[in-house]
Amino acid sequence: MRAAREALARPMRRRGKELENAIFDATLDQLTSGGYARLTMEGVAAAARTGKAALYRRWASKVELVIDALDSTLPRPHGVPDLGSARAELLQLIEVFADALNSRVGSAMHALMGELSQQQAQVFKDFIVQRVIEPTKDTILDILRRGAERGDARPGAANPMVADVVPAMLMYQVKVGGHEHMAPDFAIRLVDDVMVPLIRNP
């Protein structure tokens, strides 16, 4: 029994992507269960069964670690294929994000919001804008341009104000309630009740 306990306590010899994934998993688990304030580099290292030095070689602070852990898990919105209608393409895009935000990464983002200092919050905000909001808006604009060419979206629907709606609604869901309050039909309702009326031809 003692030998087994000692074996579990020893850092595992993992390198590269395998070690990085274990660290990111531990980061998101600790962020979800204890919040940002209680997350420590030491705790993440212990949960990932690696040495603390392995973390500090890659990340100077837990802010950087958390951002990279989120970046590794959040979907990338680029590349929605032509599905024949703007509705189908918007639904696919939103379902990908809704599924992600209904998972551990959504819980982690919810735990972050409200806990960060002003400086930390700005770093996190910049990450969300660059990693989620702007790419999502660009993808939506591409979808709406295709829709206008096909005739299933009105001319002029591809504008930044319309493209803001989806990321704004996604971030609202995370901010207000976390993943546990996102309804299973959230994506369909957002598309059919909000986006389609906004973009369809009169």
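A: Start with an annotated span. This is a predicted model, and in it the end C-alpha atoms of residues 40-59 lie 12 Å apart. That span is 65% helix and 0% strand.

Q: What does UniProt list for residues 40-59?

A: An unreviewed UniProt entry gives these residues as "DNA-binding region". Such an annotation may be inferred rather than shown by experiment.

Q: How many helices and strands does the chain have?

A: Count the elements, then read their order. The chain has eleven helices and zero strands, and its pattern along the sequence is α-α-α-α-α-α-α-α-α-α-α.

Q: How much of the chain is buried, and what is its accessible surface made of?

A: Buried here means under 20% relative accessible area. By that cut-off, 43% of the 202 residues are buried. The accessible surface is about 10700 Å², and carbon and sulfur atoms contribute 53% of that area.

Q: What should I expect of nonpolar side chains, and which residues have the most contacts inside the largest nonpolar core?

A: In soluble globular proteins, nonpolar side chains tend to be buried together. Here the largest nonpolar core holds 65 residues, and L70 and M109 have the most contacts inside it. The core lies between domain 1 (16-70) and domain 2 (76-199), because both give residues to it.

Q: Which residues does M109 touch, beyond those up to four places away in sequence?

A: M109 touches L70, L74, L101, I128, M171 and V174.

Q: What share of the contacts with a separation of 6 or more joins residues 24 or more positions apart?

A: For this chain, that share is 72%.

Methods: Residues numbered from 1 in each chain as written. Predicted model: local features only at pLDDT ≥ 70, side-chain atom pairs only at ≥ 80, totals over all residues. Heavy atoms only, no water. Helix = DSSP H or I, 4+ residues; strand = E, 2+ residues; numbered from the N terminus. Buried < 20%, exposed > 50% of the residue type's maximum accessible area, 1.4 Å probe, protein only. Contact = heavy atoms within 4.5 Å. Areas by Shrake-Rupley, 256 points an atom, 1.4 Å probe, with all protein chains shown as cover. Core = buried A, V, L, I, M, F, W, Y, C linked by side-chain atoms within 4.5 Å. Domains from an automatic or database assignment.
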